[in-house]
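This briefing covers aromatic ring pairs and nonpolar packing in one protein model. The sequence and structure come first, then the points by topic.

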Amino acid sequence: MIKIRLSRIGSKKKPFFKIIVADVRCPQNGKFIEKLGYYDPITKNLKKKFYISENRINFWISKGAILSKRLKNIIKQNKSC
């Protein structure tokens, strides 16, 4: 099964996440299929806080990929802004 999820690449106490498409059997920071965007929870600038390629998200969802719970919440929060 394929999942769209977050992969942490930030250092200690400075989180930064890549939004990736990966097989559920792969580790969190391991092998992935495609990078779709990023999420930076620390920055105050809303335009630089979150970026996602909506075309590619829709493509992968049509292929059967599932969004993680955390990523669903992040997308909902940023659509309302």
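Leaving aside its neighbours within four places in sequence, which residues is Ile4 in contact with? In this predicted model, the contacts of Ile4 are Ile19, Ile20, Val21, Leu36, Ile57, Trp60, Ile61, Ala65, Ile66, Leu67, Ser68 and Leu71.

**Nonpolar core**
- The largest nonpolar core contains 16 residues.
- Ile4, Ile19, Leu36, Phe50 and Leu71 have the most contacts inside this core.
- Two or more core residues come from each of β1, β2, β3, β4 (50–52), α2 (54–62) and α3 (69–80).

**Aromatic pair Phe16–Tyr38**
- There are 5 aromatic pairs in the structure.
- One of them joins Phe16 and Tyr38 in a stacked arrangement, with 5.7 Å centre to centre and 20° between the planes.
- This pair links distant parts of the chain, 22 residues apart: Phe16 lies in the loop between β1 (2–8) and β2 (17–23), and Tyr38 in strand β3 (residues 34–39).
- Phe16 counts as partly exposed because its relative accessibility is 27%.
- Tyr38 has a relative accessible area of 25%, so Tyr38 is partly exposed as well.

**Aromatic pair Phe17–Tyr39**
- The ring centres of Phe17 and Tyr39 are 6.2 Å apart and the planes are at 25°, so this pair is stacked.
- Phe17 in strand β2 and Tyr39 in strand β3 are 22 residues apart, and their pair links distant parts of the chain.
- Phe17 and Tyr39 are both buried.

**Ring cluster**
- Phe16, Tyr38 and Tyr51 are linked into a cluster by ring pairs.

Key. Residues numbered from 1 in each chain as written. Predicted model: local features only at pLDDT ≥ 70, side-chain atom pairs only at ≥ 80, totals over all residues. Heavy atoms only, no water. Phe/Tyr/Trp six-rings, centres within 6.5 Å; stacked < 30°, edge-to-face > 60°. Helix = DSSP H or I, 4+ residues; strand = E, 2+ residues; numbered from the N terminus. Buried < 20%, exposed > 50% of the residue type's maximum accessible area, 1.4 Å probe, protein only. Core = buried A, V, L, I, M, F, W, Y, C linked by side-chain atoms within 4.5 Å. Contact = heavy atoms within 4.5 Å.
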